There are 2 protein chains.
Amino acid sequence: MAEARNTDTRERILDVAERLFMAHGYDGTSMRQITGEAGVNLAAVNYHFGSKESLIQEVFRRRLDWLNEERMRVLDRLEAEAGGQPVKPSLIVDAFFGTLLRMAEDDARGGMTFLRLLGRTLTEPSEFIRAFLAHEYKEVMDRFKEALFRALPDVPKAEIVWRFHFMLGATSYAIAGTDALRLVTDWQIEEEDSVDRLDRLVPRLMSFLIGGLRAPLPQFDQSGR
Amino acid sequence: MAEARNTDTRERILDVAERLFMAHGYDGTSMRQITGEAGVNLAAVNYHFGSKESLIQEVFRRRLDWLNEERMRVLDRLEAEAGGQPVKPSLIVDAFFGTLLRMAEDDARGGMTFLRLLGRTLTEPSEFIRAFLAHEYKEVMDRFKEALFRALPDVPKAEIVWRFHFMLGATSYAIAGTDALRLVTDWQIEEEDSVDRLDRLVPRLMSFLIGGLRAPLPQFDQSGR
DNA sequence: CTATGATTCAAACGAACGTATGAATTGTGG
DNA sequence: CCACAATTCATACGTTCGTTTGAATCATAG
């Protein structure tokens, strides 16, 4: 019998879809745009992926599988090196967010395009994408929360979870791209060429995240509750 | 001649649109949903606002006008009290982000619904919304950037702009609602009842933001560039 | 070479969308 | 109460959407 050997069309669709979803969002990108720019027939997406929903899930899975496995590997190594002792918070943050950001330097893994897609999608998606991502992320998220709990035994767990959430938001914005950044500044783009933008973004964001994570605990209002 | 006195239909449309845009996004909300839930005729939106684009702009303007004016008033007062001296960074941050968050306690000003809409929309919107928000925010943004430049004379301006950006992201996520938070945790909702969620969110987020803003400056990689 | 299954293709489907229209209804100043 | 402007209403228009269909083409195992 004949084998499935369609790496070409499939991969071209995934690449174009990734870029268009990044630029215009899920709802804002039509199948006709995707197939048109990919130079394939309109029906190709439904043939190879089944539906538009399955397509974007595959776009994410293609990158996230490796990312989350890599995060686990890094955390495994850190915990092994610590030998029973808690891992330093900054190392945990770097294992989670640094690994993500360093993906952008590897075009073979989606580079900046996928990163920006992920950043945008974490807030905006059409319900089912959030559910999908939450499911895909559950395992790795629990591992990193646990690691932070052990690394910061004096900080209430609820506080750590919130700060993890804040870090996600800051990172999401940072990578969602300069589009959103224009809201803050118009000259930022001119000051730094796009080549070193990423090189500098990583340490910048990391300093901010660690600073926020290690900030003094908040004083809840007088009444105590 | 007869006067325009349509506060009822107009306001009902705005309220419903605000809630639906918050829940399903701009593209994900149809005119038929809006007019249906508002109990008005389908044509009412086009009659009163002209188009769907104009509608969401009015949804934002109704709340943002007051918010940004209030931010300016608070900053004016802080700078007057400082009498020429720079205002403390934490006070500037509170004037910008605290004023925003305290809006959520005032249902007459949109409450949590508008806040979550704003949080979602800052990353995701259909191009023209980002352009609209960037324009609406330009003036107040410049004022607050300038204030931070004066408050932190030793920190490079580019660094401050980035950290402002990170703070926006963290805040956006925090208020975009518990939907996104579920990605981090499943039990968070049970731990705190929704009543005090906001009371505690404000100091929590504020600690994180200040911690990030005042974090040690990043060391750019060895090579110096 | 031929048979068979995998893939591509042009065309069409029904549904949902934002908007426009013109008639009916309502409220009000003169 | 009448005339006129403001508002509401039912209905339709033209587009675009994601998906389906059935035939055409391609690649390969026997």
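**The largest cavity and its surroundings**

Guide: Helix 8 of chain A, with four residues, gives the most to the lining of the largest cavity. Helices here are DSSP runs of H or I with at least four residues, and strands are runs of E with at least two, both numbered from the N terminus. The model is predicted, with local features requiring pLDDT of at least 70 and side-chain atom pairs pLDDT 80 or more, while totals for chains, interfaces and linings use all residues. Residues are numbered from 1 along each chain as its sequence is written, chains are lettered from A and ligands numbered from 1 in the order in which they are written, and side-chain values use heavy atoms, without hydrogens or water.

The space in the largest cavity amounts to about 80 Å³. Its lining consists of 13 residues, of which Leu100(A), Leu118(A), Leu122(A), Tyr137(A) and Leu168(A) are the closest to the centre. A cavity is a set of points, on a 1 Å grid over the protein atoms alone, where a 1.4 Å probe fits but cannot get out, and lining residues have an atom within 4 Å of a point. Points are joined across faces, edges and corners, and the volume is that filled by probe spheres set on them. At least two lining residues come from each of helix 5 (89-103), helix 6 (111-123), helix 7 (128-151) and helix 8 (157-176) of chain A. By class, nine of the lining residues are nonpolar, three are polar and one is charged; Ala, Val, Leu, Ile, Met, Phe, Trp, Tyr, Cys and Pro count as nonpolar, Asp, Glu, Lys and Arg as charged, and the others, Gly among them, as polar.

Counting cavities of 30 Å³ or more gives nine. The second largest cavity has a volume of about 70 Å³. There the lining has 12 residues, and those closest to the centre are Leu100(B), Leu118(B), Leu122(B), Tyr137(B) and Leu168(B). In chain B, helix 5 (89-103), helix 7 (128-151) and helix 8 (157-176) each supply at least two residues of this second lining. The most comes from helix 8 of chain B, with four residues. The classes in the lining of the second largest cavity are nine nonpolar, two polar and one charged residues.

Beyond residues up to four places away in sequence, Leu67(A) touches Thr99(A), Leu100(A), Met103(A) and Tyr137(A), a contact being heavy atoms within 4.5 Å. Between Leu67(A) and Met103(A) there are 36 residues of sequence separation and a C-alpha to C-alpha distance of 7.8 Å.

Helix 4 (residues 52-82) of chain A also holds Arg63(A). With a relative accessibility of 8%, Arg63(A) is classed as buried. Setting aside residues up to four places away in sequence, Arg63(A) touches Asp15(A), Glu18(A), Met103(A), Ala108(A), Arg109(A), Gly110(A) and Phe114(A). In chain B, helix 4 (residues 52-82) contains Asn68(B). Asn68(B) is buried at a relative accessible area of 10%. Apart from its neighbours within four places in sequence, Asn68(B) is in contact with Glu136(B), Tyr137(B) and Val140(B).

Gly212(A) is buried, since its relative accessibility is 0%. Its contacts, not counting residues up to four places away in sequence, are Arg163(A), Phe208(B), Gly211(B) and Gly212(B). The C-alpha atoms of Gly212(A) and Phe164(A) lie 9.6 Å apart, although the two residues are 48 apart in sequence.

The setting of these details is the fold of chain A, which has 11 helices and zero strands. Read from the N terminus, its elements run α-α-α-α-α-α-α-α-α-α-α. Of the 225 residues in chain A, 55% are buried. Among its contacts between residues at least 6 apart in sequence, 74% join residues at least 24 apart.

Methods
Buried < 20%, exposed > 50% of the residue type's maximum accessible area, 1.4 Å probe, protein only. 1 Å grid on protein atoms, 1.4 Å probe; cavity = no way out; pocket = protein on both sides within 12 Å on 5 of 7 lines; lining within 4 Å.
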